[in-house]
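Dear colleague,

Please find the structure below, followed by a summary of what was found in it.

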Amino acid sequence: MSNTEELLNYVYKNSQMGVNTIEQLSGIVEDQEFKKHLDSQLREYRQINEESQKLLDRLGYEEEGVGALSEISAYMMINFKTLRDKSPSHIAEMMINGSTMGIIQATRNLRKYKNEDKEFLALMEKLLKTEENNFQQLKKFL
């Protein structure tokens, strides 16, 4: 697998996980202000996911989505962690932890693939900025 393919697939998988997670959480969250925030985040992740998919397709690469085991595991973990506490504060904390991992990985990948085409790096930077922005916005729900 080429570096370009790895980079774009990282963005694709990460944004797909964001879409899946937020779609699941939207069915759990009751607070309307928090739901609006989740809807905004969902639009951002969907846009990044679509952009990465288009680039992968344009270059003739296979999309490597989130594996079935990872999806099931994430689904069950979210259900378990929200079983007793569905408050915006608790869910924001869970999402902040996810965004923090995303920030770390995106930063590492930007360094790892620093010599790749600027168009592809720009998408990784967009994902990083989205994760950082989500982190900042979620703090008000803690």
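Is His37 buried or exposed? His37 is buried, because its relative accessible area is 7% (buried means under 20%, exposed over 50%, partly exposed in between, with a 1.4 Å probe and protein chains only). This is a predicted model, in which local features need pLDDT of at least 70 and side-chain atom pairs count only at pLDDT 80 or more, while totals for chains, interfaces and linings use all residues. Residues are numbered from 1 along each chain as its sequence is written, and side-chain values use heavy atoms, with hydrogens and water left out.

His37 belongs to helix α2 (helices are DSSP runs of H or I, at least four residues, numbered from the N terminus). Not counting residues up to four places away in sequence, His37 touches Gln137, Leu138 and Phe141 (contact means heavy atoms within 4.5 Å).

The largest nonpolar core has 35 residues, and Phe34, Met95 and Met124 have the most contacts inside it (such a core is a set of buried Ala, Val, Leu, Ile, Met, Phe, Trp, Tyr and Cys residues joined through side-chain atoms within 4.5 Å). Two or more residues of this core come from each of α1 (3-26), α2 (32-58), α4 (88-112) and α5 (118-138). With the sequence limit of four places again applied, Met95 touches Ile22, Leu25, Phe34, Leu38, Gln41 and Leu138.

Helices α1 and α5 pack at an angle of about 30°, their axes 10 Å apart (axes are lines fitted to C-alpha atoms over the stretch in contact, and angles run from 0 to 180 degrees between N-to-C directions). The two helices are therefore roughly parallel (angles under 35 degrees).

Kind regards

Conventions:
Parallel < 35°, antiparallel > 145°, perpendicular 65-115°, else oblique.
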